[in-house]
Amino acid sequence: MKKNILLVTGLLFSVSAQAQLFDIIKSTVKDKTGVDLEHPSKTKNSSTTAPVTSTPAKNSNVNLGNLTSTQISSGLKEALSLGVTDGVKKLALTDGFFKNEAVKILMPEKLRKIDNTLRSIGMGSLADEGVKLLNRAAEDAVTEAAPIFTNAITSMTITDAKNILLGSDNAATSYLQGKTQSQLFTAFQPKVKASLGKVGADTVWKNLISKYNTFTGQSVTTDLNEYVTTETINGVFKMVADKESGIRNTPAMRTTSILQKVFGAQDQK
């Protein structure tokens with residue numbers, strides 16, 4: 001498969017010397033997508049993990065009189081554990097990222113000009129394969145998150161738990177993000193790098209970028225390892241946040257007695 005991709009890629013870009021063809025491609029891309037290959041717009045820095053947006057606390061009137069500190073702590077830890085376990089399990093499956101539109105890793109912005117060029121000349125399947133391989137790497141790497149999250153959840157204090165319970169719909173997720181984000185990035189980078197190699201994404205993208213640069217005279221570069229690491233972490237926190245919001249707002253998702261008791265206090269405020 002890899003040999004076929006490289007062969008097709010070589011044939012695609014063997015016309016690099018034909019300036020007239022490139023002029024047609026540039027015109028087609030600009031007409032269809034609005035992207036000017038000679039003057040691409042500036043792209044945002046994709047190396048920063050997107051924060052889980054916090055909303056103002058909405059539960060400040062919750063009556064905690066019937067809840068002990070131990071119950072509050074246990075309930076919040078259980079909710080986070082469920083969110084992490086469920087989220088990581090789903091993301092680690094084949095297509096856990098690729099077929100989940102909420103977390104799917106798309107083409108890096110710096111490489112979308114390549115995507116547009118390929119699609120404009122009928123090579124969309126090659127671009128799709130490149131994107132699928134990025135998601136396969138994330139699916140392979142995401143299990144590294146579990147022990148880091150477990151440590152952060154275990155170390156939660158009583159004060160942390162009370163503040164989280166009285167906080168916004170994603171207060172627990174935001175707490176977890178603050179405690180684990182840098183650790184996750186450090187742990188994920190070598191795993192993602194290995195995963196990119198394991199699924200063949202690094203070789204495919206290295207050749208695509210090299211051929212594109214030769215063909216266009218551009219100097220497109222991107223750190224796929226950093227990009228996929230960041231997007232993998234973003235995906236994990238998105239899944240945890242969705243689970244937390246569900247437990248807070250949907251009684252049916254409180255599947256244990258401690259979750260029902262702790263989060264049921266919100267319904268009685």
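A helix here is a DSSP run of H or I at least four residues long, with numbering from the N terminus. With that in hand, here are some close-ups of a predicted model.

**View 1. K132 and E129 pair up inside helix 5.** Both residues sit in helix 5 (residues 124-141), three residues apart, which is about one turn of the helix. K132 is partly exposed, its relative accessible area being 27%. E129 has a relative accessibility of 16%, and because buried means under 20%, E129 counts as buried.

**View 2. K243 reaches D86 in another helix.** The closest N and O atoms of this salt bridge are 3.8 Å apart. K243 belongs to helix 10 (residues 224-249) and D86 to helix 3 (residues 69-92), so the pair ties together parts that lie 157 residues apart in sequence. D86 is partly exposed, at 25% relative accessibility.

**View 3. R248 and E244 form a buried pair in helix 10.** Here the salt bridge runs 3.0 Å from N to O. The two residues are four apart in helix 10, about one turn of the helix. Are R248 and E244 buried or exposed? Both are buried.

**View 4. D95, K99, R136 and E139 belong to one network.** These four residues are joined by salt bridges that share partners. Stepping back to the whole model, the count comes to 10 salt bridges. As a general idea to keep in mind, side chains of opposite charge can pair when their charged atoms come close.

Terms used
Residues are numbered from 1 along each chain as its sequence is written. This is a predicted model: local features need pLDDT of at least 70, side-chain atom pairs count only at pLDDT 80 or more; totals for chains, interfaces and linings use all residues. Side-chain values use heavy atoms; hydrogens and water are left out. A salt bridge is a side-chain nitrogen of Lys or Arg within 4 Å of a carboxyl oxygen of Asp or Glu. Buried means under 20% relative accessible area, exposed over 50%, partly exposed in between (1.4 Å probe, protein chains only).
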